[in-house]
Amino acid sequence: MTHSRFPRSKALALFLGAVLGLGWIVWQHGYGQALGQVAARGQSDLALASDRLVTGLQRFRSAAVLLVDHPDLRALHAGGDRARAEARLLESADLISAHRAFYADSDGRVLASAFGGAPQDLAARPWYRRAMTGALGFGHEVTAAGARSYVHAAPSFAADGGVQGALVLMVDLDILEREWRGTRPSVFFTDDSGQILVTNRSEILFWRRDGARMVGPGGEAKPLQVSRAGGHAIWRQNLSPYVPPASLHLTRALPVIDLTAEALVDIAPARRLAALQVAAVVTLCLFFGSLLFIATERRRALAEANVLLEGRVRARTRAWEEANSRLRAEVREREDAEAALRRAQADLVQAGKLSALGQMSAGISHELNQPLTAIRQYAENGTAFLDKGRPERAADNLARIAAMAARAARIIRNLRAFARNESEPMGKVDLVAVIDTAVELTEARLKADGVTLVWEGGPPAYALGGEVRLGQVFVNLINNAADAMAGEADKRIAITLERGPRLRIGVSDTGPGIADPDRMFEPFYSTKEVGGGMGLGLSISYGLVQSFGGEIRGSNTASGAVFTVELEPWLDEAVA
């Protein structure tokens, strides 16, 4: 049993390993696809946020380009009214919500301003130097107090085509953030140093990436783990409770405003989707694996049961073969015993016949002696009549001799038929002729014993049986009736034949009746004196009648006993 469990355990372990491997593959594939979907949505959100910021800043650049050529500002180079120019700047700054606006010449001297003066060392600012080259200058400024501004510098050209000054508009970035602060995903814009300058999560403002950590404005640092999954960068950090700790990092270059847009998109939905896919695949694998395991176990159990059943069948077959051999031997023994029994029964039947012939021998001898004596006398008389010349009388004696010879021949024929062993199958038998023969065979014995036999005969009555064996039955019944009436004053035997659905023959006597009706058909049962018989007559008769499909029974009457024999009538379609 241990040997059979180990392969199943090993197969189960391999199956679970394969399921885990498939689950890992599904996880990788599903996670990568889900990250792709998250990245696509994140890129759309990042593009929308970038466009919002760029659009918001571009309108200030357009205002600077339009306002720089205003006559009030150009007049400042020829000693124009500064107050008027500053009023124009103040009105325009209010109109476009600029944080600060001023106009300076090519040397960096402020000629007019609104909402405060210009930054110090203006000429050293990159965006101002770019404007002095004739291009639009732009950049950002962060004050020591943390105020953030985005700067647009539009150059002013002189009549000779040279740059004579620049109009600078400074935009408060905090005002732009208010429109989308707190939206999703977490978006921030960084400068060239990686510092976060604009974001919708104010708590991460001015943080910057430094290798494997994020450094805050006060110098504090937090760990940053960057990994790759499905071709995407995954950041794991704890910058803020409002920034997902595990996020998809997306970037978008914005050269038009010299910033880089970045986003941290929550990857939890991608993980959930991938987990659902893995759970579905693993569940299906485990379900079908369980079905396969159950089917395999059932097949194995059926195979084991089949082996056990085959063993039992082989054992039962061997037992049956042995029992069959014994049964065949018993059948052979039974057949041999039945054959011996049939032989014994035939011998008993023949012995019964010979016993009956022995009982009838005196009467038969007398019956044969009478015709023989008469034949001798008729022969002598015929010779004498011939000598006297009386041929008619001689012919009469010869006729009588012929009649006596025929009588003797009939008696001998009946004896020979009665004494022979009948081996023919059952067939059509005339009961009237059979009873006539039995009466004729017992006539001498009955006459000697003074018994009167009444038998009317009649037309033929055909039954199914054997002629010789039926004759023995009736001879036995007549002899038994004669024996039973020994010593009785009135000795009469009556034989009757009733025709109907069954042929019923009755043999009654005027004897003392049957002493023990329950035992009268038992072999060797007899009420006769010693030497009077073996007690086989009725037993043999019972067996013979049963063999013909009939019945024989005996009962007492008021005047003696009666034996009734019932036989099946012969039908034309009867099969012997």
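## The residue after helix 3

S97 counts as partly exposed, because its relative accessibility is 41%. The model described here is a predicted one. S97 belongs to the loop that runs between helix 3 and strand 1 (100-105), and the residue comes just after the helix. Although S97 is not a glycine, its phi is positive, at about 60°.

A positive phi is also found at D121, another residue that is not glycine, where the value is near 40°. D121 sits in the loop between strand 2 (110-114) and helix 4 (126-132). With a relative accessible area of 52%, D121 is exposed, since the term applies to values over 50%.

## Helix 3 and its two sides

Helix 3 is made of 15 residues, and the distance from its first C-alpha to its last is 21 Å. That span is close to the 21 Å expected at 1.5 Å a residue. At the start of the helix, a side-chain oxygen of D81 comes to within 3.1 Å of the backbone nitrogen of A83.

Which residues of helix 3 are buried? They are A85, L89, S92, A93 and I96. Viewed down the axis of helix 3, the buried residues fall within an arc of 100°, so they line one face of the helix. An α-helix has 3.6 residues a turn, so residues three or four places apart point the same way. On the other side of helix 3, the residues A83, R84 and L95 are exposed.

R88 is partly exposed, at 28% relative accessibility. D72, in contrast, has a relative accessible area of 12% and is therefore buried, as the term covers values under 20%.

In the salt bridge between R300 and E297, the closest N and O atoms are 2.8 Å apart. Both residues are part of helix 6 (residues 268-387), where three residues, about one turn of the helix, separate them. R300 is partly exposed, with a relative accessible area of 25%, while E297 is buried, with a value of 19%.

The side chains of L284, F287, F288 and L291 make a nonpolar surface patch of about 410 Å². One of these residues, L291, lies in helix 6. The relative accessible area of L291 is 41%, so this residue counts as partly exposed.

## Salt bridges among the strands

The count of salt bridges in the model comes to 23. One of them joins the side chains of E551 and R502, with 4.0 Å from N to O.

Where is N476 placed? The residue is in helix 9 (residues 467-484). Its relative accessibility is 7%, so N476 counts as buried.

N476 and S541 are 65 residues apart along the chain, and their C-alpha atoms are separated by 7.3 Å.

How values were computed:
Residues numbered from 1 in each chain as written. Predicted model: local features only at pLDDT ≥ 70, side-chain atom pairs only at ≥ 80, totals over all residues. Heavy atoms only, no water. Buried < 20%, exposed > 50% of the residue type's maximum accessible area, 1.4 Å probe, protein only. Helix = DSSP H or I, 4+ residues; strand = E, 2+ residues; numbered from the N terminus. Patch = residues over 30% accessible without salt bridge, like charges linked within 9 Å, V, L, I, M, F, W, Y side chains within 5 Å. Areas by Shrake-Rupley, 256 points an atom, 1.4 Å probe, with all protein chains shown as cover. Expected span 1.5 Å × (residues − 1). Arc of directions from axis to C-beta. Polar contact = N/O pair within 3.5 Å; in protein donor to acceptor, adjacent residues only side chain to side chain.
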